[in-house]
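Work through the following exercises with the sequence and the coordinates at hand. Each task is followed by a stepwise solution.

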Amino acid sequence: MHSLLGRAGLKSKDPWVRVRVAEALGRMGGPLDGLALAKAIDGRDPEVACAVLWSLERRLAAAHALGE
């Protein structure tokens, strides 16, 4: 999970990679580290921020635990 929040994921230089990782988080099961996720999101990247929010909504709808 943490590799998805680093340079190979949400902090990638490639915008396509960042968006795809943000979307993939909504399809994964298991808990998320909310603090680590929040730190990995760049507020200047609205497309990724929206995709992460969509992913969290998807997880909630699927009744996956969000973690702490």
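**Exercise 1.** In this predicted model, determine how helix α2 and helix α4 are oriented to each other and which residues make their contact.

Solution.
- Step 1. Take helix α2 as residues 15-24 and helix α4 as residues 46-61; they pack at an angle of about 15°, and their axes are 7 Å apart.
- Step 2. Angles under 35 degrees count as roughly parallel, and α2 and α4 are therefore roughly parallel to each other.
- Step 3. The handedness of the α2 and α4 crossing is right-handed.
- Step 4. On the α2 side the contact is made by R18, V19, A22 and E23, and on the α4 side by E47, V48, A51, V52, W54 and S55.
- Step 5. Sorted by type, the residues of this contact comprise 6 nonpolar, 3 charged and 1 polar.

**Exercise 2.** Decide whether R18 is buried or exposed, and list its contacts beyond four places in sequence.

Solution.
- Step 1. Locate R18 in helix α2.
- Step 2. Buried means under 20% relative accessible area; R18 has 16% relative accessibility and so counts as buried.
- Step 3. With neighbours within four places in sequence set aside, R18 is in contact with G9, L10, S12, K13, D45 and V48.

**Exercise 3.** Identify which members of the largest nonpolar core touch the most other members.

Solution.
- Step 1. The largest nonpolar core has 13 residues.
- Step 2. Those touching the most other members are L5, L10, A22, L25, L37, V48 and V52.
- Step 3. At least two residues of this core come from each of α2, α3 (34-40) and α4.
- Step 4. As background, nonpolar side chains tend to be buried together in soluble globular proteins.

Terms used
Residues numbered from 1 in each chain as written. Predicted model: local features only at pLDDT ≥ 70, side-chain atom pairs only at ≥ 80, totals over all residues. Heavy atoms only, no water. Axes fitted to C-alpha atoms, helices over the stretch in contact; angles between N-to-C directions. Helix = DSSP H or I, 4+ residues; strand = E, 2+ residues; numbered from the N terminus. Parallel < 35°, antiparallel > 145°, perpendicular 65-115°, else oblique. Left-handed = near helix turned anticlockwise from the far one by under 90°. Contact = heavy atoms within 4.5 Å. Nonpolar A, V, L, I, M, F, W, Y, C, P; charged D, E, K, R; others polar. Core = buried A, V, L, I, M, F, W, Y, C linked by side-chain atoms within 4.5 Å. Buried < 20%, exposed > 50% of the residue type's maximum accessible area, 1.4 Å probe, protein only.
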